[in-house]
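Student: I have a model open and a list of terms that go with it. Can we go through what the terms rest on?
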Amino acid sequence: LLKKIYTLVFIRKESQILLGMKKRGFGMNKWNGFGGKVEPNEQIIDAAARELKEECCLDVKTSNLKNIGHLEFTFEGDSTMMDVRVFATDIFEGTPSETEEMAPKWFKHDQIPYDDMWLDDRLWFPYMLKGKLFYGRFHYQGFDKILNYHIEELESM
Ligand SMILES: CN1CCN(c2cc(NC3CC3)nc(N)n2)CC1
């Protein structure tokens, strides 16, 4: 019932996508996009650009970040909902660099390391990789089992 909003940013270059290996905190030891919490009085899009810079030193203009997806996560026995706003761009400045949070690496679309990612990723990544807009909700039991989910392509966000 209590919704917390998070950001998740994917950077694309030619036929590759940038993922980061999370070195600490939530999602540690999983590859993922870059993101985090939205501070009070912070616009979601600004939080997305801020976290990207903090986590892999890339600079993006918020005007170049496109909202491509919306993911909602609930957990059996827990009343919080993770509301994850997904953004992507292929316009960025800087070189992806390792930080205390993330070790970045480029991946070809057919070499996404799903076994070292959140379980839901293998369900919605194909929509993202095909350039589609998507909405997905996933109900987890613990962090290693999805009890049920729904995902759909959207015509607009
Ligand atoms: C700040 N982060 C951004 C990414 N995020 C998640 C969550 C997730 N699944 C949920 C079961 C945990 N799956 C991906 N790919 N990312 C959580 C919050």
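Tutor: Start with the pocket: a residue counts as lining when it has an atom within 4 Å of a pocket point. This is a predicted model. By that rule, 33 residues line the largest pocket, and Tyr 6, Phe 26, Asn 32, Met 82 and Trp 118 lie nearest its centre. Elements giving two or more residues to this lining include β1 (2-13), α1 (44-56) and β5 (78-89).

Student: Which element gives the most to the lining of the largest pocket?

Tutor: β5 does, with five residues. By type, the lining divides into 15 nonpolar, eight polar and ten charged residues. The volume of the largest pocket is about 710 Å³.

Student: Why is Asp 83 called buried?

Tutor: Buried means under 20% relative accessible area. Asp 83 has a relative accessible area of 0%, so Asp 83 is buried.

Student: What makes Asp 83 and Lys 3 a salt bridge?

Tutor: The cut-off is a Lys or Arg side-chain nitrogen within 4 Å of a carboxyl oxygen of Asp or Glu. For Asp 83 and Lys 3 the N to O value is 3.4 Å, so the pair counts as a salt bridge. Asp 83 lies in strand β5 and Lys 3 in strand β1, so the pair ties together parts 80 residues apart in sequence.

Student: How many salt bridges does the rule give?

Tutor: The count comes to 14.

Student: What makes a set of residues a nonpolar core?

Tutor: Its members are buried residues of listed nonpolar types, joined through side-chain atoms within 4.5 Å. The largest such core has 27 residues, and Phe 10, Trp 124 and Phe 125 have the most contacts inside it. A second, separate core has 13 residues, including Ile 11, Leu 18, Ala 49 and Leu 58.

How values were computed
Residues numbered from 1 in each chain as written. Predicted model: local features only at pLDDT ≥ 70, side-chain atom pairs only at ≥ 80, totals over all residues. Heavy atoms only, no water. 1 Å grid on protein atoms, 1.4 Å probe; cavity = no way out; pocket = protein on both sides within 12 Å on 5 of 7 lines; lining within 4 Å. Points joined across faces, edges and corners; volume = space filled by probe spheres on them. Helix = DSSP H or I, 4+ residues; strand = E, 2+ residues; numbered from the N terminus. Nonpolar A, V, L, I, M, F, W, Y, C, P; charged D, E, K, R; others polar. Buried < 20%, exposed > 50% of the residue type's maximum accessible area, 1.4 Å probe, protein only.
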